[in-house]
Amino acid sequence: MGRFKENFNLFRKNRLGMTGLFILLFFLLLVILGPILPRIDEMYRPMTGVDKEILWSTPPSRAHLLGTDFMGRDILSQLAHGARIAFMVGISAALASVLIGTLVGLVAGYFGRLTDTLLMRLTDILLTLPSLPLIIIIAAALGKQSLWIIVGIIGLIGWPSTARVIRAQTLSLKERPFIEAARVSGASNFRIITRHIAPNILPLSFLYMTFGVTGAILAEAGLSFLGLGDPSVVSWGMMLQWCFTTGHTFRAPYWVLPPGLSISLVTFAFYLIGRALDEIINPRLRER
Amino acid sequence: MKKIIPLLAAFFLISGIIDPLFASTLKIGMQDEPKTLNPFKASDVWSWNVIGFFYEGLYTRNPVTFEIIPWLAEGDPEFDKKTNTCVIRLKKEIRWEDGVPFTAQDVVFTAQVFLDFKVPRYISDWDFIEKVEALDDYALKFYLKEPYAIFFTGTLMSLIVPKHIWEPIVEEAKETKSPLTTLLEYEVTKPIGLGSFRFSRWHRGAYVKLVKNPGYFASGRKVKGKIVGPYIDEILFKIYGTTDTAILALKRGEIDYIWWPIQPGFVKDLEGNPKIGVTNNPENGLKYLAFNLRRTPFSDINFRRAVAYLIDKDFLVRRILQNYGERMDNVVPPGNGFWFNSNTPKYGKGMSRQERVKKAVEILERGGYSWKRRPKVLENGRIVKGEGLTMPDGTLVKPFTILTPPADYDPLRAIAGLLIQEWLREVGIPVTSAPTSFGDIVNKVNTEWDFDTYLLGWRLSLDPDYMRTFFHSKEIVRDGYNSMGYSNPAFDRLADRSAKELDEEKRRKSIFEMQEYIIKEAPYIPLYTSTSIEAYRKDRFTGWVNQLDGIGNGWSFLFLKPIKEGQE
Amino acid sequence: MNLGRFILNRLGQIVITLFIITTFLFLLFRMMPGDPTSMILDPKMPPEAKELIRKEFGLDKPLMVQYLYYLKNTLTGNFGKSFYYPETVLEIVKRKLPPTILLFTTAVILSYLIGLPLGKTIAWRRGSRLEMGATVFGLFFYTVFIPWFGLIAIWVFSYRLGWFPIGGMLTPEVWAADVGLFPKIWDVLYHLILPLSVLTLLFFAGSMLLMRNSMLETLREDYILTARAKGLPERVIKNRHAARNAMLPVVTALTLSLAFSLNGGVLTETIFSWPGLGKALVEAVLNHDYPLAQAAFLLLAILVLFANLLADILYAYLDPRIKY
């Protein structure tokens with residue numbers, strides 16, 4: 001606990017990291033706002049609710065603080081719902097890829113030899129491939145536009161960078177005396193990995209997760225924008241796709257700005273936090 | 001300094017000086033470039049937008065009334081009912097653009113290619129033709145196996161290709177292992193036609209340029225009180241990937257017309273622009289919901305009708321189309337006046353949400369359905385959702401899906417699917433809308449028959465023969481168009497009769513009756529047809545012809561005249 | 001090991017990688033439903049015609065036979081026929097490759113030209129307002145949602161200000177008028193500016209931050225301290241000693257940043273209607289033109305793999321300590 005407090009104090013000193021945190025807090029408030037709005041009035045349901053009086057896209061008004069989309073749906077409600085989707089997509093896809101990456105890195109680093117060679121070859125291949133085109137191709141080939149399938153694909157593509165770092169860390173941990181001691185005392189591989197190595201690399205995994213969230217949110221939004229997303233879910237990318245395909249891009253700034261800015265800000269925030277954590281975990285980067 | 005001068009010159013060239021040089025160039029924005037200039041192969045709208053200028057048919061349709069008028073032919077076809085033959089005379093003095101005269105031999109040759117190769121795009125208009133004979137250079141005789149109404153509306157309107165150009169290509173193709181593939185794969189680099197414009201140049205990925213055909217045979221002819229042109233010297237097709245960029249280009253005067261329908265969202269902004277005109281024309285299309293009649297409960301007409309009542313078409317038109325469209329209670333669009341039967345049942349028209357639910361519950365109950373919790377409409381109008389819908393045989397209705405196209409294809413239909421899902425769930429119908437890639441839907445629906453319901457659309461032809469294609473039981477084959485498995489012998493007989501009826505009034509009666517069958521039995525629930533909104537420059541050309549589907553039709557380009565400067 | 005052997009070795013790895021990718025792509029697309037006929041819904045087209053098309057593409061043959069054909073096609077670089085266009089895939093990608101290389105390489109080079117000196121400077125002036133500003137500015141664009149940013153750039157610079165064309169790579173009127181080579185080059189440059197600027201803005205932060213971190217690590221090396229102690233001028237320490245050594249890890253990191261910038265390239269090409277491989281890939285996917293999508297992806301992969309090889313060779317060249 002003391003270590004956490006110490007680290008948090010370090011984090012607090014990092015201005016960029018704190019900026020990221022505040023941006024995130026803002027969007028978390030938006031997530032909370034999401035389910036409240038439809039309770040106020042049915043027309044605030046993000047997908048199916050429409051304002052009875054409004055038949056087209058209108059600029060901000062008292063009933064619709066950010067205006068309405070082409071069929072009279074409230075943009076603020078959509079934005080709020082989109083925030084929840086963004087966190088959901090970002091965190092679950094990043095979690096998936098970090099889990100895979102950590103596992104691959106651990107196994108490769110710990111067991112070495114052929115396992116290591118094979119796993120790392122695979123990692124290198126995936127790492128050099130441009131991920132967005134790969135995600136686009138897989139999503140298209142699967143043909144089903146479901147949010148969870150998209151999350152799955154992003155998770156399956158995004159693990160190699162984590163794997164590489166975790167492997168390097170595992171390799172260096174493996175040589176430490178306390179691992180040697182555990183081995184001598186007859187601990188099984190499984191036990192050594194879970195009890196001794198894993199706890200030491202978890203902070204690193206966590207760090208890679210914050211970067212992973214950035215990538216995942218951008219990837220989902222990119223897919224949605226291209227029309228390969230799940231049109232039954234109100235995500236920020238889908239809001240932009242609607243704005244774009246109904247011809248409002250250059251006519252409705254109140255509609256095109258919020259989702260795009262939200263995507264950019266949330267990913268920016270996660271990235272800032274990731275960098276701040278990076279400086280804490282990798283003290284070499286810290287200011288002397 | 002020496003280097004700067006050409007640089008400046010280039011800059012000025014780009015930024016304006018070129019404009020007066022191309023004063024009568026009609027610049028058209030397209031979303032994609034043509035895929036091919038091979039008229040046997042082309043099947044997409046972008047290719048046809050270009051190829052359409054090169055070739056003509058024996059007959060064509062009047063721009064306003066749609067009645068059939070002779071074009072390459074002279075006078076009406078002389079059909080002999082006893083022998084099922086038809087004599088057609090050709091206009092003389094028509095030449096291909098390379099100077100070779102157009103004769104009956106070209107028509108015979110073209111027909112022979114269609115029939116010998118069974119060219120997919122054309123064969124359905126030709127497979128009832130026994131043979132075509134040239135009586136002399138300017139007279140032809142068609143021998144029909146059976147009379148077919150589409151002989152006049154399809155066969156005689158097919159394009160004719162020049163024999164002297166295509167004969168060597170065709171002969172060579174016949175020698176190969178797969179003649180049809182060879183013919184379709186043949187790459188046309190310099191098309192020779194006889195249409196109003198000639199091919200000039202195609203820079204892939206950027207533009208296609210056409211120039212006026214000075215010897216166009218129809219120039220100076222009078223059609224509907226107007227003298228046929230063309231009055232434009234050149235047409236330049238430019239490619240704009242998105243509607244947004246095309247609209248910007250239109251505003252800047254970089255193009256004069258966008259050859260695809262724009263979304264309602266653009267209209268308000270464009271209407272305020274004095275230099276830009278916006279037109280609305282009904283589209284000859286149909287968006288519909290179809291059922292797989294091989295499965296329960298979709299095989300039950302009561303279920304289908306209940307669904308039909310629950311779908312608020314007016315809401316879809318008002319909200320999703322933003323009133324740029326019309327509800328459809330028929331599979332023939334109202335814009336197709338002659339063949340449109342306005343007396344088909346109109347499920348749920350004018351009903352409120354509550355009335356729809358009541359009506360659907362009533363139909364389902366009468367059909368023997370029950371609920372674990374019956375849906376209710378309370379006094380204050382609140383609807384209590386139903387649960388556990390049970391079929392007459394006592395089994396629960398299993399959850400099913402509506403396949404809807406994904407956002408890249410048509411985001412609006414994906415939303416329509418979701419709204420329909422919500423409406424059906426109110427009476428306890430366990431449905432989920434499933435956005436699925438277009439190819440996947442077609443595969444599931446037409447090839448595998450593995451689906452519950454789906455939401456797609458058709459672009460239709462003027463001739464209502466498509467009803468036979470969609471609903472005749474002979475189309476219940478792999479890749480056939482009756483994917484629903486709708487089979488009604490009475491309808492089949494009617495459809496066969498209508499296809500062979502050459503008397504328009506009599507045929508119209510059968511077609512009307514067919515429409516009633518379809519709407520009453522509801523294998524399709526027609527939803528809506530959209531309005532085609534198009535934008536063009538008012539200050540550059542005048543004379544656009546409004547038609548079903550829009551102003552991008554052959555007649556517009558024949559009548560368009562440039563506006564001279566200061567003459568607005 | 002000498003450099004020749006090293007390159008040969010790497011080439012071998014590239015071939016294996018490509019083989020794995022090709023096989024993966026084949027399996028991916030053949031296992032999925034749908035074929036070229038799935039995009040054809042034309043009531044005038046009789047059902048038999050669809051069967052014919054399947055035959056034409058060899059889709060009626062057993063999977064193994066298809067795979068062998070596919071391998072043969074890919075090996076001979078001919079990629080088969082496009083489902084959507086009447087040309088072979090090779091003809092299409094041949095046309096799409098140069099625009100991508102033009103946009104992509106200039107953007108990467110430009111972003112490095114901007115990023116490296118900036119990174120050097122902000123590492124040197126640690127904690128300054130400049131560092132803060134450059135980092136925030138750079139990172140914002142580094143994580144910005146590209147299609148949205150691209151659209152806004154078009155809105156502001158093309159639409160409102162009218163400085164640049166709205167998209168595409170050339171002005172048809174110029175090319176149709178046969179104006180000679182120079183105006184054509186100028187015309188392409190004129191179209192290139194906006195997408196290039198956007199891409200550069202998106203990428204430069206990557207190299208800038210890499211350079212900064214690497215520079216910071218170098219600065220605490222002993223030889224820098226020694227140089228300082230010797231009283232060498234700061235500028236000399238910064239440029240001669242620190243920066244040169246800090247470059248090495250940045251060059252390695254090029255590997256990763258290349259793949260990353262291709263991601264941006266795909267979206268940027270689509271937004272700016274730039275007729276390159278990325279846009280072709282997206283369109284092929286939307287048209288269900290799998291042969292073209294596969295080939296476009298494969299080419300993008302090859303592009304990255306060879307760029308990596310180049311980076312490795314460059315690394316060897318820069319760092320004399322490395323012996324292969």
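The points below describe a predicted model, chain by chain and then across its nonpolar core.

1. Basis. In this predicted model, local features need pLDDT of at least 70 and side-chain atom pairs count only at pLDDT 80 or more, while totals for chains, interfaces and linings use all residues. Residues are numbered from 1 along each chain as its sequence is written, chains are lettered from A and ligands numbered from 1 in the order in which they are written, and side-chain values use heavy atoms, with hydrogens and water left out.

2. Chain A, fold. Chain A has eleven helices and zero strands (DSSP runs numbered from the N terminus: helices are H or I with at least four residues, strands are E with at least two). Along the sequence the pattern reads α-α-α-α-α-α-α-α-α-α-α. Along the principal axes, the C-alpha atoms of this chain fill a box of roughly 75 × 45 × 30 Å.

3. Of its 288 residues, 59% count as buried (under 20% relative accessible area; exposed is over 50%, partly exposed in between, with a 1.4 Å probe and protein chains only). Among contacts (heavy atoms within 4.5 Å) with a separation of 6 or more, 68% join residues 24 or more positions apart. Chain A exposes about 12100 Å², of which carbon and sulfur atoms supply 66% (Shrake-Rupley method, 1.4 Å probe; for residues, only the protein chains shown count as cover).

4. Surface patch. A:L29, A:I32, A:I36 and A:I40 make a nonpolar surface patch of about 420 Å² (patch residues have over 30% relative accessible area and no salt bridge; nonpolar side chains, Val, Leu, Ile, Met, Phe, Trp or Tyr, are joined within 5 Å, like charges within 9 Å; a salt bridge is a side-chain nitrogen of Lys or Arg within 4 Å of a carboxyl oxygen of Asp or Glu). A:I32 belongs to helix 2 (residues 15-40) of chain A. A:I32 counts as exposed because its relative accessibility is 54%.

5. Nonpolar core. The largest nonpolar core has 373 residues, and those touching the most other members are B:L58, B:F142, B:L210, B:F237, B:I429, B:Y454 and B:Y524 (a core is a set of buried Ala, Val, Leu, Ile, Met, Phe, Trp, Tyr and Cys residues joined through side-chain atoms within 4.5 Å). Helix 9 (residues 189-226) of chain A gives the most to this core, 16 residues. Domain 1 (19-78) and domain 2 (93-318) of chain C each contribute at least three residues.

6. B:L210. Beyond neighbours within four places in sequence, the contacts of B:L210 include B:V50, B:F53, B:F54, B:I235 and B:F237.

7. Chain C, domains. The assignment, automatic or from a database, gives domain 1 (19-78) and domain 2 (93-318). Their C-alpha centres lie 36 Å apart. Nine residues of domain 1 are in contact with eight residues of domain 2.
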